[in-house]
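Biologist: I would like to learn how to read a protein model. Can we take it feature by feature?

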Amino acid sequence: MPVFDLGRLRAEWFGNVRADLLSGLVVALALIPEAIAFSIIAGVDPKVGLYASFSIAVITAIAGGRPAMISAATAAMAVVVVDLVKDHGLQYLLAATILTGLLQILAGAARLGRLMRFVSRSVLTGFMNALAILIFMAQLPELIGVPPLTYVMVAAGLAIIYLLPRATRIVPSPLVCIVVLTALSLSLGLDLRTVGDMGALPDSLPSFLIPDVPLNWETLEIIFPYSATLAAVGLLESLLTAAVVDELTDTPSQRNRECVGQGLANFATGFLGGMAGCAMIGQSVINVTSGGRGRLSTFIAGTVLLLLVVPLGNVVAHIPMAALVAVMIMVSINTFQWSSLKTLVTHPRSSSVVMVATVLVVVLTHDLARGVLVGVLLSGIFFAGKVRRLFAVTSTLAEDGQYRRYTVTGQVFFASAEDFLAAFDLKEGLRRVEIDVSAAHFWDISSIGALDRVVLTLRARGAEVELLGLNEASATLVERLGQHDKPGSARSASH
């Protein structure tokens, strides 16, 4: 499908205008405290995270490959740059952000978005469940050691969020929650923690700047390791979040375009004084559950965020954190795949192990990349084990005891190569051996090595060995890597 299909672009931007406008407003309000918090984690001024959230959301709305997905400054990216900021300062962070964007653009050009096909359903479910837990855990500081009134306000917010849709869906219930609780707090003069308590909001618009760092090899050596990590973590989170939004909306995304879009956003953000960011599953779920479906929702989230924190910063500063905590608890509840608890005992054990392992690693390390990597590796190991069990070797011995025919079926690769070797009696002392591999496929150097060992050992013991039915792909691999059919090998024979 072409990128500049006017009909598709019109539908993506203006096919859901009212709901996109309202959902974008909800997301903008929810982004503000998180952007400030992530700035604090990274060790920079709050405006660095706020400018980044504005820039990344707006640019990915235009250039990204997943409509309705929210991208901004994130905790996963913030923790990567803590040491960079501490050791070298803000200017090197901006330079690393620009380089991160370039690396992500290259990844998109290389079509690395296709790697998502190796992420199994179990890993994706584990990713979502782990994020739901982390989102809830992130709210605990606002729920521990606070006045009892805070709990009352959070409960009231959750009541609005879950009960209002039963009466009307004209306005997203999370937006009503924020407006009503803010109005109550201001009118009654309630002593509650507010957005303004998170940090100072910027009083000016972002401006173009070039990072003040030396343009030399030493600078590249400093920022490249951070940029490479940021690029990898950012793309992983963004592509996984895109898969979640795909499922929630039952619509497809363009993964390679998303890689490029994320790269363009980070590249530009570095010149606007912002930190690197990526997709945010929490805000994306808020957007989708509030009715957002198009690019307009993401664009509105970014632009309204900037309008709220600059000219309307004094008003936004009075939003009680209890209202936003209620919204994020809703996100946590909606993100968690509750059905996965029931299917733990009905799904294959390997799938359940992958899902649980992904959750545990992410929650214990607070590192999404590690959790997903463990899940993908376990999925690969379990898959290799399943394929190995489909492999078999049978044989028949002639009446004179001098001729045996082996029949190989299934996939011969590193996991089944040892079984392939064990299936042959290499000390039998036969005059002739036929190996029928017409129902088998050889995949790698391990399988070719096993085949070499069988054929060369049998020939060395005086047997005439003939290989039958080798398919074209396997034959090509044998020609490149094998030794048994090379000139000079023991009684080399043609196949």
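Biologist: Which helix gives the most to the nonpolar patch?

Modeller: First, a caution: this is a predicted model. Helix α17, residues 349–365, gives the most to the patch, with three residues. The patch covers about 880 Å² of surface. Its members include Tyr 162, Ile 333, Trp 338 and Leu 360.

Biologist: Is Leu 360 buried, exposed or partly exposed?

Modeller: Start with the cut-offs. Buried means under 20% relative accessible area, exposed means over 50%, and partly exposed is in between. Leu 360 lies in helix α17. Its relative accessibility is 47%, so Leu 360 counts as partly exposed.

Biologist: Now the rings. How is a pair of aromatic rings described?

Modeller: By two things: the distance of the centres and the angle of the planes. Planes under 30 degrees apart count as stacked, and over 60 as edge-to-face; the rest are tilted.

Biologist: How many aromatic pairs does the count come to?

Modeller: Nine aromatic pairs. Take Phe 208 and Phe 271. Their ring centres are 5.4 Å apart and their planes are at 15 degrees, so this pair is stacked.

Biologist: Where do Phe 208 and Phe 271 lie?

Modeller: Both are in loops. Phe 208 is in the loop between α9 and α10, and Phe 271 is in the loop between α11 and β2. The pair therefore ties together parts that are 63 residues apart in sequence. Phe 208 is exposed, at 60% relative accessibility. Phe 271 is buried, at 18%.

Biologist: What about Phe 391 and Phe 420: how far apart are they, centre to centre?

Modeller: They are 6.4 Å apart, with 50 degrees between the planes, and the pair is tilted. Phe 391 sits in the loop between α18 and β3, while Phe 420 is in helix α19, so the pair ties together parts 29 residues apart in sequence. Phe 391 is buried at 10% relative accessibility. Phe 420 is buried too, at 0%.

Biologist: Which residues do ring pairs link into a cluster?

Modeller: Phe 391, Tyr 406, Phe 420, Phe 424 and Phe 442.

Biologist: Last feature: contacts. Which residues is Gly 410 in contact with, leaving aside its neighbours within four places in sequence?

Modeller: Contact means heavy atoms within 4.5 Å. Gly 410 touches Leu 390, Phe 391, Ala 439, Ala 440 and His 441 by that rule. Phe 391 is also part of the ring cluster. Gly 410 itself is found in strand β4, residues 403–412. Its relative accessible area is 13%, so Gly 410 is buried.

Methods: Residues are numbered from 1 along each chain as its sequence is written. This is a predicted model: local features need pLDDT of at least 70, side-chain atom pairs count only at pLDDT 80 or more; totals for chains, interfaces and linings use all residues. Side-chain values use heavy atoms; hydrogens and water are left out. Helices (H or I, at least four residues) and strands (E, at least two) are DSSP runs, numbered from the N terminus. Buried means under 20% relative accessible area, exposed over 50%, partly exposed in between (1.4 Å probe, protein chains only). Patches are made of residues with over 30% relative accessible area and no salt bridge: like charges are joined within 9 Å, nonpolar side chains (Val, Leu, Ile, Met, Phe, Trp, Tyr) within 5 Å. Accessible areas come from the Shrake-Rupley method with a 1.4 Å probe; for residues, only the protein chains shown count as cover. A salt bridge is a side-chain nitrogen of Lys or Arg within 4 Å of a carboxyl oxygen of Asp or Glu. Rings of Phe, Tyr and Trp (its six-membered ring) pair if their centres lie within 6.5 Å; planes under 30 degrees apart count as stacked, over 60 as edge-to-face and the rest as tilted.
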